[in-house]
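Open the model in your viewer and keep the sequence panel beside it. The stops below say what to select and what is there.

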Amino acid sequence: MKKQVSVRELKDFCERNSLNQITYYTENQTCDTAGGLCKLRLHFQVVLIYENPNQVCLKSGMNSVCFNGVKFAEIDTESTVLGTILTLYCGNSRASKPTVTYTLILS
């Protein structure tokens, strides 16, 4: 299944499905802000989703990564054997279209 969902629907999806690990690799992103010189491979156990403001936070112990201005997400459960691919479409509140995407792997 490949489906576009709202932030609320994403929160419901994460609550219904027990997630063991959320993975964020900089090499999986569409744009690499560090020019490929700094590669991050991060694994988290907790995902927190807030509707106001639209934010997705990944946590593991004292470490966290937060994605702000999430306009919507795409959930793809069929593309890879690694797990569910979650793409976050983000932008500021004034943008008519999302300006950046982030790809996460849910397992």
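A disulfide is a pair of cysteine sulfur atoms within 2.5 Å. This is a predicted model, in which local features need pLDDT of at least 70, side-chain atom pairs count only at pLDDT 80 or more, and totals for chains, interfaces and linings use all residues. Residues are numbered from 1 along each chain as its sequence is written, and side-chain values use heavy atoms, with hydrogens and water left out.

**Stop 1: the cysteines**

Select Cys 57 and Cys 66, which form a disulfide with sulfur atoms 2.4 Å apart. The count for the model is 1 disulfide. Look along the S-S bond: the link of Cys 57 and Cys 66 is right-handed, with 110 degrees about that bond.

Cys 57 is buried at 7%, and Cys 14 is buried at 13%. Cys 66 is partly exposed at 39%. Select Cys 38 as well: Cys 38 is partly exposed, at 41%.

**Stop 2: a hairpin**

Strands are DSSP runs of E, at least two residues long, numbered from the N terminus. Two strands pair if DSSP finds at least two bridges between them. Select residues 46–51, strand E4, and residues 54–60, strand E5; they pair in the antiparallel sense over 6 bridges. A hairpin of 2 residues joins E4 to E5.

Next select Val 46, which lies in strand E4 and is partly exposed, with 37% relative accessible area. Contact means heavy atoms within 4.5 Å. Leaving out residues up to four places away in sequence, Val 46 touches Ile 22, Cys 57, Leu 58 and Lys 59. Draw a distance from Val 46 to Leu 19: their C-alpha atoms are separated by 8.0 Å, though the two are 27 residues apart along the chain.

**Stop 3: Asp 76**

Move to strand E7, residues 70–76, where Asp 76 is found. A salt bridge is a side-chain nitrogen of Lys or Arg within 4 Å of a carboxyl oxygen of Asp or Glu. Asp 76 is buried yet has no salt bridge; Lys 2, the nearest side chain of opposite charge, is 4.2 Å away. Besides neighbours within four places in sequence, Asp 76 is in contact with residues including Met 1, Lys 2 and Gly 83.

Conventions:
Buried means under 20% relative accessible area, exposed over 50%, partly exposed in between (1.4 Å probe, protein chains only). Helices (H or I, at least four residues) and strands (E, at least two) are DSSP runs, numbered from the N terminus. Lys and Arg count as positive and Asp and Glu as negative; His and the chain ends are not counted.
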